[in-house]
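Colleague: I'm new to this one. Could you show me how to read a strand and a helix pair in it?

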Amino acid sequence: MKKCYFDHVATNPLHPEVLDAMMPYFREEFGNPLSVYEYGVTAKNAIEEARGKVAGLINSKPSEIIFTSSGAEANNFALRGIAIARQNDGKHLIVSRVEHHSVLNSARFLEKSGFTVTYIPVDKKGFVDPDTVRKAITKETILISVTHASSEVGTIEPLKDIVKVARERNITVHSDAVATTGNIPVDVKDLGVDLLSMAAHQFYGPKGAGGIYIRQGLRIAPLIYGGIQESGRRAGTENVPAIVGMGKAAEMAGAEMQSRIEYLRPLRDRIIYVMSGIKNVYLTGGDKENRLPGHASFCVEFIEGEAMLLLLASKGIFSASGSACSSKALKASPVLLSMGIPSGLAQGSIVFSLGTGNTPEDIDYLLNEFQLVIKRLREISPYAQGWGDKEGGA
Amino acid sequence: MKFVENIKPDVTTDIVYMMCPMHLLKLEEQMKELGQGQILEIMTDYDGALEDIPEWCGKTGNEFLGMEDSGDFFKFYIKKMAR
């Protein structure tokens, strides 16, 4: 059976050249980067080379990159680390409602630890309004965390405008850029953020490698205590093969970014064009310009996302409904609810996220099968026959 | 411990929240960059530095000028004497 993977926001396949770069560090170059002899020096040099490549991808200094195990760790580090380091300046944080769970749950943890958090709503396209952020600021505000783009609805947030608001009040700004780094241009100097999270597997690198940009001079308390790895900011023996892979993937993403974007956009736009023509199918998230290049997300009325996923999977088409977590929990996505989408409609969420391995033929196959799936599910849906409560949810 | 005030450093290194033994590694790294007679200021929250930094100065022949406690962290002042 044909297999088409359309869930690149969940993860990407490892690029073969990235795997080749990693392999020696699984085998002969197994040294601990802290060791002073040859094995250690080789491993340490490999990490520093990778750091330079990741820094090059986001226009930072190499010393401003700290490797982590994941984007989630980077987000935890940013929120908890800044909250602790700046608690004498204030105890109020602002985060958007469309953040990843690693940001939202870190914020909730901090609420239990004596901090207060304002959760900023988004508009119907998923945009955070910088004016709303400004109004939420108090004398106690120390940190604003807004994602660069939501992986669920693909909306690219107006980060530069949010940073401007924060600068007026000396507030630290963090952005979860896991969905964007390596996929669209991310320039930390241009954006003006103080901290930025990323994950290698979102740009054809390995799982188990993430990173955080920490602007030079910014104080942040560690999340993981121990030794002097990562300039004494993140303890634990480094995952050398994964870090090397992240560096290689970053180098390739930087070199190929424009061609990848130009390849993905027309495929995405074709999905949006065809799907938007189906009755009661609604595009969710930002417009074409302010949306991830390979991202097409919809809500399909009268149908549950989970049912669509399973039927599509039976045809070898792999996609997502809401975030990975809400999909597992069979809940309506909090991101969609925060955009004002009624819970019934939000249950019919489906996300197609494309990668460079997808072909135009794959898109034809998807569009054909997906229309059949919608037709079949609507035939058996009680809601489609008019006795459901469209606002109340399935 | 010798406390000092209003020392004008030539170079400042902020390693607040960076883990032990970064205070010694950064100290050594920064002192290599300094010219003779220049003063380094190290800011750290690590209380082990209270013993380590004066001791390091004694061992390496550099002058420990003193420290300032700013509440949340310490400031150490070291004058480069040794080559």
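Predicted model: local features only at pLDDT ≥ 70, side-chain atom pairs only at ≥ 80, totals over all residues.

Colleague: Fine. How do I read the two faces of a strand?

Modeller: In a regular strand, side chains alternate between the two faces of the sheet. Now look at strand β8 (residues 210-214) of chain A. Gly210(A), Ile212(A) and Ile214(A) point one way, while Gly211(A) and Tyr213(A) point the other way.

Colleague: Are the residues of β8(A) buried or exposed?

Modeller: Five of its five residues are buried, so to speak a mostly covered strand.

Colleague: Which strands pair with β8(A)?

Modeller: Strand β2 (residues 65-68) of chain A does, in the antiparallel sense, over four bridges. There, Phe67(A) has Gly211(A) as its bridge partner. Strand β7 (residues 195-199) of chain A also runs antiparallel to β8(A), joined by five bridges. In that pairing, look for Leu196(A) with Tyr213(A).

Colleague: And the helices? What should I look at there?

Modeller: Two packed helices are described by the angle between their axes and the distance between the axes. Here, helix α9 (residues 240-276) of chain A packs against helix α14 (residues 360-380) of chain A at about 20°, with the axes 10 Å apart. Angles under 35 degrees count as roughly parallel, which is why α9(A) is called roughly parallel to α14(A). The crossing is right-handed.

Colleague: Which residues of α9(A) and α14(A) meet?

Modeller: From α9(A), Leu267(A), Arg270(A), Ile271(A) and Val274(A); from α14(A), Pro360(A), Ile363(A) and Leu367(A). Six of these contact residues are nonpolar, none is polar and one is charged.

Technical notes: Residues numbered from 1 in each chain as written. Chains lettered and ligands numbered in written order. Buried ≥ 20, exposed ≤ 12 C-beta atoms within 10 Å, placed from the backbone. Helix = DSSP H or I, 4+ residues; strand = E, 2+ residues; numbered from the N terminus. Pairing = 2+ DSSP bridges. Axes fitted to C-alpha atoms, helices over the stretch in contact; angles between N-to-C directions. Parallel < 35°, antiparallel > 145°, perpendicular 65-115°, else oblique. Left-handed = near helix turned anticlockwise from the far one by under 90°. Contact = placed C-beta atoms within 7 Å. Nonpolar A, V, L, I, M, F, W, Y, C, P; charged D, E, K, R; others polar.
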